[in-house]
Amino acid sequence: MSLDNDAGTYKATDKKRPRVVILGSGWAGYALARTLSPSKTTRVVISPRSHFVFTPLLASTTVGTLEFRTVVEPVRRLGNVEFHQAWACEVDFASKKIVVEACTQDEAAAKTGIPLEPGERYEIGYDKLVIAVGAWSQTFGIEGVREHANFLRDVGDARTIRLKVLQAFEKASQPTTSDADRKKLLHFAIVGGGPTGVEFAAELHDLVHDDLAKLYPELAKFVAITIYDIAPKVLPMFDQNLGNYATELFRREGINVKTEHHLNRIRKEGDTLVLSVKEEAGGEVGAGLVVWSTGLMQNPLVKQLVSKELRMPASSGDNGKGGSVVRLAKDDKTGGLHVDGHLRVQTRQPSDPSGVVEVLPDVYAIGDCAVLDEALPATAQVASQQAIYLGKQLNREAKEASSSAATPAPFKFRNWGTMAYLGSWRAIHQKGSQELKGRAAWLLWRTAYLTKSMSVRNKIMVPVYWLITWIFGRDISRF
Ligand code: FAD
């Protein structure tokens, strides 16, 4: 591979090792880069995030049970990987080039309100392209959500949430704060009753109950944690029995679960937020923090790619001047990229959006942005299994130096079960008709996530921090 400085273009020159360009460094992209053999392929990762985040343990970092560094893996630590900290902005499938915009500016500067300069744009060539850009948080266009609510998708989000929780306690403890304002400041609202919202509520309850109640005993009576969901029940992916267990446990722990509640708006009023909730008496509720976790929407890059018509080369060397006009096939429900059983991105004729399907040569999609015929959940399990499947396939193809090597069996998802932490060392786990709840499920939850941690460093650090928290309590320093 070489950089053509004049054109600002990275070009493929190493014919022996196909250049596999991966967009994204999440569960799908990072796991794929790990699986690809550096001796058989040139691994290129393009992502605005220079690290991978182990999302199942992210909620634990919002309350200081775990430190932030225990859930991240820097991409460059993979070694022998060409990394570009950049957004992929456009893809020219005919000439096999991606236009990227560098984003190496200091994230902290962005938070001071100083507008970030747009990054330099340049092109990167590929032999194989894997789109693994995930999905974005869904807000349903509700007023004030993007401005005032907190999402929980990256360590930066976890750091902000931790700071806001601790600041709310400090502010509430000041003698000049009225009891009415204490009640608002210490109301922590979680919107969305899926596993992310529920696990954050559970971790927050642990922090308040185990640590903050001892440090701020006079404030305990003002603290409230509420989960709002528009659906009639929380944790819909679990059977009724486990759902009831979770709801009953939360009731005993004092976590309010308000199902069939519809949030209309969030606005700021002084130091607190005001939530307009349709089903609430009086319609308005004060809160010190709102954590938003209501599902996923299409990534803007995917939205842009599926909206364009593409002219495919009629033959090699045609370079996009002839051939048929197609569109990437998208899933009508999620807006994701339709892929076949081998995770190859599919195309359709623009005039016949539900008609004949073909595959786009050398382009794959995996993880939350990809949709197979068999509907699979948007989870880390699916993303990492797809990454490993595709990585092995691309290694095999590179070894046999031909993409027409024996066609492998299509991707098959193996469900390892679904888990959720419920606080106070209790969890639930379901695999088919098998159910586990309470302490045994919590032990399984911890063991599973410890063994799934990517690096040896984090496999050591995670239990060390669990032990430190157990002995000394959670870290409540604010910086
Ligand atoms: P992501 O992990 O979201 O990664 C997308 C990557 O693409 C990111 O690196 C992003 O920066 C990058 N990107 C975005 N746009 C561009 C662009 N234009 N160009 C280049 N790069 C781009 N699943 C489970 O199975 N079990 C769990 O316990 C679990 N817990 C979770 C807890 C939390 C808090 C969250 C948020 C999710 C959880 N999930 C869990 C879901 C799981 O994390 C996702 O399904 C998984 O991350 C999807 O992987 P992905 O690689 O497709 O997307």
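Student: Which polar side-chain atom lies 2.6 Å from an oxygen atom of the ligand?

Tutor: That atom belongs to Thr 55, and it lies 2.6 Å from an oxygen atom of the ligand. Such a polar contact is a pair of N or O atoms within 3.5 Å; within protein, one must be able to donate a hydrogen and the other to accept it, and residues adjacent in sequence count only if both atoms are side-chain atoms. The model is predicted, with local features needing pLDDT of at least 70 and side-chain atom pairs pLDDT 80 or more, while totals for chains, interfaces and linings use all residues. Residues are numbered from 1 along each chain as its sequence is written, and side-chain values use heavy atoms, with hydrogens and water left out.

A polar backbone atom of Asp 368 is 2.8 Å from an oxygen atom of the ligand, and one of Ala 88 is 2.9 Å from a ligand nitrogen atom. On its own the ligand has 990 Å² of accessible area (Shrake-Rupley method, 1.4 Å probe), and the protein covers 89% of that.

The shell around the ligand holds 29 residues, each with a heavy atom within 4 Å of the ligand. Among the closest are Ala 28, Ala 380 and Tyr 449. By class there are 15 nonpolar, eleven polar and three charged residues; Ala, Val, Leu, Ile, Met, Phe, Trp, Tyr, Cys and Pro count as nonpolar, Asp, Glu, Lys and Arg as charged, and the others, Gly among them, as polar.

α1 (27-35), β4 (42-47), β7 (81-92) and α10 (380-400) each supply at least two shell residues, where helices (H or I, at least four residues) and strands (E, at least two) are DSSP runs numbered from the N terminus. The largest share, three residues, comes from α10. The axes of α1 and α10 are 8 Å apart, at an angle of about 30°; axes are lines fitted to C-alpha atoms, for helices over the stretch in contact, and angles run from 0 to 180 degrees between N-to-C directions. α1 and α10 are therefore roughly parallel, a label for angles under 35 degrees.

Note on methods
Parallel < 35°, antiparallel > 145°, perpendicular 65-115°, else oblique.
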